[in-house]
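Welcome, and thanks for taking a look.

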Amino acid sequence: MNYKLYQIHLTDAEVDLINSKGHNAVESHKMKLDMSFDKAPHKLAKAAMDKGYYTHVSNIEAESLEGVFEVGNIGPEANIERLAPMHSVSVADVVEDSEGVRHVVASVGFKELA
């Protein structure tokens, strides 16, 4: 099955702002960090998606959401079609299945976007 992977990336200017004013200075970054600790990361991910903070960075061929996590971290690279810079799959990333259902990578497992 083919899955779309979305990640939040920061611009150089946003990184500079965070370095000078702290993590809360850039909303997309704060939302991403909050997803690691929030009991409802799917709601934060939905809000971040609606605000356009996510970028479609790759398409991953895998058997399941857990398979996307595995392929996005250890490969095989042949199962990844990179569309933009991509880091390993981690908490706060969004995975969309072939039916358009989106899930956020939670601290444990996946949660469907609210």
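Predicted model: local features only at pLDDT ≥ 70, side-chain atom pairs only at ≥ 80, totals over all residues.

**Rings**
- As for aromatic pairs, a search of the whole structure finds zero.

**Helices α2 and α3**
- Helix α2 covers residues 27–35 and helix α3 covers residues 41–50; their axes come within 9 Å and cross at roughly 160 degrees.
- Because angles over 145 degrees count as roughly antiparallel, α2 is roughly antiparallel to α3.
- The crossing in which α2 passes α3 is left-handed.
- On the α2 side, the residues that meet α3 are M31, D34 and M35.
- Their partners on the α3 side are P41, L44, A45, A47 and A48.
- Sorted by class, this contact of α2 with α3 has seven nonpolar residues, one charged residue and no polar ones.

**A cis peptide bond**
- Which kind of peptide bond joins G75 and P76?
- The bond between G75 and P76 is cis, with omega at about 15 degrees.
- To find P76, look in the loop between α4 (65–74) and β3 (80–82).

**A positive phi**
- A92 is a residue other than glycine, and its phi has a positive value, near 90 degrees.
- You can find A92 in the loop between β3 and β4, where β4 spans 94–96.

Terms used: Residues numbered from 1 in each chain as written. Heavy atoms only, no water. Phe/Tyr/Trp six-rings, centres within 6.5 Å; stacked < 30°, edge-to-face > 60°. Axes fitted to C-alpha atoms, helices over the stretch in contact; angles between N-to-C directions. Helix = DSSP H or I, 4+ residues; strand = E, 2+ residues; numbered from the N terminus. Parallel < 35°, antiparallel > 145°, perpendicular 65-115°, else oblique. Left-handed = near helix turned anticlockwise from the far one by under 90°. Contact = heavy atoms within 4.5 Å. Nonpolar A, V, L, I, M, F, W, Y, C, P; charged D, E, K, R; others polar.
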